[in-house]
Structures are given as C-alpha cells and as structure tokens.
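Q: I would like to go through this two-chain model with you. Could we settle the terms as we proceed?

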Amino acid sequence: MRSLYFYLTSILVAAAFFMFARWLGNDYLFFAGYTVLQFIVLATAWNILGGYCGYVNFGSAAFFALGAYSSVAVHKLAAGIDRYFPESLTGLAHAVLPLPIPVLIVIAGIVSGLVGFGTGYLTLRLRGAFFAIATLALAVVLQTLIVNWDFVGGSRGAYIIRPSDVPIIGSYIQYLFLVMLVLSIVAIATARLIEQSRLGYGFATIRDDEIAAEACGVPTLRLKLVATTISGALMGMAGAPFPYYIGYLEPSSAFGLSYAVNSIAMPMIGGTTSWVGPLVGAILLGTLQQVATVTISSAVNLLIVGLLLIGFVIAAPRGVVGLVQDFMRKGSAPTNTPTWRSRLAAFANMRPGAR
Amino acid sequence: MADPLLHVENLGKRFGGFVALEGVNLSVAQGERVGLIGPNGSGKSTLVNCMCGTLHNETGSVHFDGHVMDGLAAHERTHRGMARSFQLPRPFVTLTVAENLRIPLLYTAHTRAGRHLTQEESAARCHELAGLVGLAAKANKLPRDLTQVEMRKLELARAMAADPKLLIADEAMAGLSQSEVDEIVALLITMNQRGVTIIMIEHIMRAVMAFSQRLVVLVTGKKIADGTPQEVVGHPEVIGAYLGQ
C-alpha cells in the first residue's frame with residue numbers, strides 16, 4: 001500500500017509540475033527544470049553506491065559523459081547510414097534510425113552499466129580514498145579516450161541538431177523535460193525499492209562493516225558489483241538526452257567538474273541513507289544554482305555548492321533528512337501508536353540509524 | 001572421534017616473516033563445547049580467522065561438516081553453518097538491534113531452510129533471538145544505545161541468527177564484570193543445549209573451566225595441549241607458557 005501511495009504521489013506531483021510549467025508558458029522553466037531533474041537522477045544514482053554502500057565515487061562525470069556520448073555515437077550512425085552500414089543493411093537502418101530518446105536512454109544505461117560493472121570488478125578490493133582515486137582515474141581515462149575518438153567529434157566536439165518540436169507535446173524542450181521527469185521517477189523508485197529490500201540491508205552492512213557482513217553471510221563482493229552497475233547505469237541514463245538538450249557536446253562540458261561535485265554534494269546535503277536525501281539536496285542545490293545563474297552568474301554555482309557543503313558538514317552532517325529525522329524522533333510517542341510523524345518517517349523509509 | 005564436525009589439519013599462516021600458525025591440528029565433534037586458550041599473540045584469533053575465511057591459510061586445510069572449506073569466502077562458510085562473533089563487537093551501527101539480527105536471516109537462513117523466510121517468520125525469529133539474549137526491550141534501539149555486555153549479547157545473537165552448526169565465540173567476555181561473565185557463559189551453554197557446537201576463545205579461566213568440556217592450548221602458533229580441562233591445566237607446558245618456566 002505504501003508503494004502505491006508513493007507511485008501515485010510521484011505521478012501526481014510530476015503531472016502537476018509539468019502542467020503548471022506549461023500554463024506559465026515560459027520555456028526557460030523547462031530548461032532550468034531539466035537541469036534540476038538531471039541532478040536528481042545523478043544524485044540518486046551516486047547515492048546507491050556512495051550513500052547506501054559507503055563507496056565514494058568521484059567519477060560520476062565519466063558515467064554521465066558515457067551516456068551522452070552513447071547518444072552522440074548513435075546519432076552519428078543515423079546521420080551516416082550509407083557510409084557506416086553495408087548495403088544490405090541500409091534499408092533496415094533507415095527504418096530504425098534515428099532512435100527515439102527513450103531508446104537512447106536504455107542504450108546509455110546498458111553501456112554505462114557495463115562500465116560500472118567493469119569498474120566495480122577492477123576495484124573490488126579497494127576501499128575509502130583508494131576507491132575514490134580509482135573512480136577519478138576512470139574519468140580521466142575515459143575523457144582521454146573520447147578526446148581521441150574522432151567519430152564522436154574528438155576534442156572539437158559534436159553538434160546535434162534536434163527537431164524543433166515533437167507531436168502531441170509540441171516544444172522539444174518540453175519533451176526532454178518530460179523524459180527527464182519520468183527518468184527521475186524511475187531513479188527514485190529504484191533507490192526506494194533497493195532501500196526496502198534485502199539488497200538494501202546488504203548494502204547497509206557493507207557501509208557499516210564489511211568483515212561483519214561477510215560473517216553474517218552477506219556476499220559483499222557480489223553486492224558491490226550490483227551497486228556499481230546500477231549506479232553507473234542510472235548516471236549514464238541521465239546523460240543520454242544531454243546532447244539533445246545542449247545542442248553541442250564537447251568533452252570538457254560532458255566531463256565537467258560540476259557533475260562530479262554536485263552528484264556528491266547533493267546527497268551529502270540532503271542526507272545519504274534515504275532516497276529522500278538526494279531528492280531534497282538536488283532540488284535545493286539545483287534550484288539555487290539556476291537562480292544564481294540568472295541573477296548573478298553561472299560562475300558562482302560551484303561556490304554555492306562548496307559553501308553549503310561546508311556549512312552542512314559542520315552544522316548538520318546527516319543532512320536535511322537528519323535534521324527532519326531528529327525533529328520527528330523528538331516528537332514520537334513512546335507507545336507504538338502511529339503518529340503523523342512516524343507515518344511520514346515510514347513513508348520516507350527513514351531508518352533510525354540514518355546518518 | 002568418528003566424523004568430526006570440524007577438522008583442521010596442519011594449518012599454517014605467516015604474516016611476512018612472522019609465523020602466526022604452524023602445523024595446527026584440531027578436531028571438534030558435533031555438540032561439543034571446546035575452550036581455546038593461549039597467551040596474547042599465540043594465534044587464537046588468526047586460527048579463528050583462517051577457519052572462518054576472513055584470512056586465507058597458506059598450508060593445511062579446514063574441513064567442516066564433510067566439506068573442504070579451503071578457497072571458500074567467509075560468507076560461503078557462514079552459509080554452510082559456521083558462524084562467529086568478534087573479539088571487539090562489530091555491530092552494524094546504522095541498523096537497529098532487530099535489523100542487526102535480521103541480516104543473517106535475510107542472507108543465510110534460506111541456505112539452510114531451502115527457502116527465504118517470510119516477513120512474519122523473520123520478525124518472529126528476531127523477537128525470539130532478542131528474547132534469548134535479553135535484548136527484546138531494546139530491539140528498536142541502535143547499537144550506540146547498548147551497554148558493553150548488551151553489545152556482546154548482540155554479537156552472539158547475530159551469530160545465532162545464522163542458525164549455525166558451529167559457533168566460534170572470540171573473547172565474548174573481554175572487559176565484562178564477573179556477573180556479566182556468568183551471564184554470557186550461561187547463554188553459551190543454553191545455545192549449546194539447543195544443539196550448537198561451540199568453540200570459545202577466552203582468557204578468563206573461570207569462564208573457560210565452567211564452560212569447556214575440552215580445552216585446546218595454543219602457544220606461539222602451535223598447539224601444545226588438547227584434553228579435558230583438568231588434564232590441560234596440570235600440563236607442564238601449559239603451566240610453563242602461562243607462568244613462565
């Protein structure tokens with residue numbers, strides 16, 4: 001029943017937001033909203049490995065870029081069917097290509113998921129700072145590969161000319177916004193499902209004590225592979241529509257520092273052990289950055305993230321979720337009678353141990 | 001001894017140039033209560049870690065319940081029925097007491113029962129285990145809210161949640177008061193009466209003598225004595241190791 005409420009609430013909130021933005025009739029709202037939604041997916045994906053398992057990934061930008069470049073590669077294939085396909089397959093290729101964005105998202109998810117699996121496999125024995133450095137190295141290696149891969153534009157970048165509108169919805173940016181909205185719900189639902197499952201408990205034991213987890217029968221290495229694969233796949237999925245959003249993709253924008261920093265800072269500020277944390281963090285920081293971009297300058301974005309992160313680490317190390325949780329625990333009745341606070345805590349799946 | 005539950009043969013482990021274990025042989029029968037003693041640094045915890053798969057032995061082999069354990073990961077050994085508690089309690093700090101007990105039920109119980117437990121079965125088992133160690137009232141508390149003795153009890157209850165055939169209790173009484181030691185010994189004997197074979201590693205001789213049916217003594221990585229508690233405490237080498245020659 002809790003899950004039904006969750007899905008109904010998510011769909012209603014998403015639909016209400018979309019209709020409100022359409023009613024305002026301002027396309028900038030969709031541009032800005034797309035970025036915030038993209039960060040919700042990135043932060044949620046990062047949190048599956050970083051928050052639930054305690055493995056800090058500094059290479060979020062690499063997975064994001066991998067998703068974006070998967071789309072570019074497929075787009076390029078579609079643009080040069082006669083050049084890249086044998087004559088016998090051109091008819092089929094013309095019928096299939098170009099692929100719609102949802103299919104590109106699935107392809108990006110598979111590619112990034114496989115790279116996530118590989119990263120997990122190669123770094124199985126690494127922990128703490130060593131794992132973080134390995135993921136940073138992955139980003140550098142992948143960026144070097146992309147810079148030298150001429151097919152996707154290399155260092156000069158690639159132009160993607162997107163259609164001006166789509167049937168039914170109209171404006172293409174509204175379509176991209178809608179796609180990212182659905183992807184955000186998918187990412188949050190995945191995180192929530194994991195949290196409440198056997199897998200989520202397994203992840204929590206990895207975060208707390210791997211040796212004790214093994215002694216309890218938890219296959220820690222296998223679970224870490226699952227986490228790196230799911231997290232990588234979702235990050236790649238967030239990147240898939242990006243070339244169509246930005247129009248011109250070059251390595252330094254796809255592998256930008258802001259993706260790595262934001263996808264860590266947002267869950268840290270929101271709270272890392274509940275799916276609510278990355279959502280709150282991404283909405284808070286993402287919106288602040290969009291406001292700063294139009295009122296001051298986009299150059300101030302990372303400064304905001306840094307200052308907020310320092311503030312939260314000092315004042316509220318368990319993030320916004322931790323603050324809310326403390327408030328709810330103070331108000332909870334000593335009996336087992338459910339209160340609105342305990343119901344809210346149950347809905348958000350906030351465990352008492354969340355930090 | 002016919003078909004021992006645990007059979008350790010010629011076990012050896014080195015850390016660089018330091019020989020931690022050398023040619024250790026040990027057999028434990030089904031239902032037995034064995035005390036494993038030895039001075040600090042004698043290799044007791046290394047032996048436990050090698051048996052449970054936390055460390056890999058360089059020589060020798062571990063047989064458990066008719067299977068060779070060498071090469072199996074720690075979690076696979078737990079699935080086969082070998083559980084342990086740690087010298088320093090290692091609770092899952094962000095999970096409640098009940099959730100701590102639930103982990104082995106989620107990840108190990110099905111390997112023995114042949115199916116995953118339902119939520120109701122799992123909750124009932126958690127409640128039973130928490131009751132067994134006297135933590136029922138604190139089931140929804142975090143480990144940080146427990147006292148030292150409660151933490152030790154949680155360790156033992158979590159190991160028991162895996163429904164083990166063999167429980168290895170590594171210094172479960174270190175740092176406890178006399179009455180608390182008695183509580184843990186009584187708890188271990190109760191567990192043994194439920195059919196669990198127990199190896200207890202301990203320094204507190206009063207507890208060791210009260211608990212053990214058989215005593216094994218390790219000194220500098222070698223087994224120097226193995227017999228009934230009365231035989232072992234009178235063994236000249238054991239007296240020499242504990243009191244000096």
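A: Let us begin with a definition: helix axes are lines fitted to C-alpha atoms over the stretch in contact, and angles run from 0 to 180 degrees between N-to-C directions. Helices (H or I, at least four residues) and strands (E, at least two) are DSSP runs, numbered from the N terminus. This is a predicted model, in which local features need pLDDT of at least 70 and side-chain atom pairs count only at pLDDT 80 or more, whereas totals for chains, interfaces and linings use all residues. Residues are numbered from 1 along each chain as its sequence is written, and chains are lettered from A and ligands numbered from 1 in the order in which they are written.

Q: At what angle do α3(B) and α5(B) cross, then?
A: The axes of α3 (residues 97–107) and α5 (residues 119–132) of chain B cross at roughly 120 degrees and come within 9 Å. The crossing of α3(B) and α5(B) is right-handed. A crossing is called right-handed if the near helix is turned clockwise from the far one by less than a right angle, and left-handed if anticlockwise.

Q: Which residues of α3(B) and α5(B) meet there?
A: From α3(B), Val97(B), Ala98(B), Leu101(B), Arg102(B) and Leu105(B) meet Ser122(B), Arg125(B), Cys126(B), Leu129(B) and Ala130(B) of α5(B). Two residues are in contact if their C-beta atoms, placed from the backbone, lie within 7 Å. By class, this helix contact has seven nonpolar, one polar and two charged residues. Ala, Val, Leu, Ile, Met, Phe, Trp, Tyr, Cys and Pro count as nonpolar, Asp, Glu, Lys and Arg as charged, and the others, Gly among them, as polar.

Q: How is chain B built as a whole?
A: Chain B has ten helices and ten strands. Its radius of gyration is 18 Å, close to the 18 Å that the globule rule gives for 245 residues, so chain B is as compact as a globular protein of that length. That radius is taken over C-alpha atoms, and the globule rule is 2.2 Å times the number of residues to the power 0.38. The C-alpha trace of chain B spans about 55 × 40 × 35 Å along its principal axes.

Q: What is the confidence for chain B?
A: The mean pLDDT of chain B is 90, with 98% of its residues at 70 or more; pLDDT is the predictor's confidence in each residue, from 0 to 100. For the complex, the predictor gives an ipTM of 0.90 and a pTM of 0.88.

Q: How many residues does each chain bring to the contact?
A: Chain A brings 21 residues and chain B brings 25. On the chain A side, α9 (198–208) and α10 (210–215) each supply at least two residues, and α9(A) gives the most, with six. That side has ten nonpolar, five polar and six charged residues.

Q: Changing topic: is Gly51(A) buried or exposed?
A: Gly51(A) is buried, because 30 other C-beta atoms lie within 10 Å. The cut-offs are 20 or more such atoms for buried and 12 or fewer for exposed, with partly exposed in between.

Q: Where is Gly51(A), and what does Gly51(A) touch?
A: Gly51(A) lies in the loop between α2 (27–50) and α3 (60–79) of chain A. Leaving aside residues up to four places away in sequence, Gly51(A) touches Pro267(A), Thr272(A), Thr273(A) and Gly277(A).
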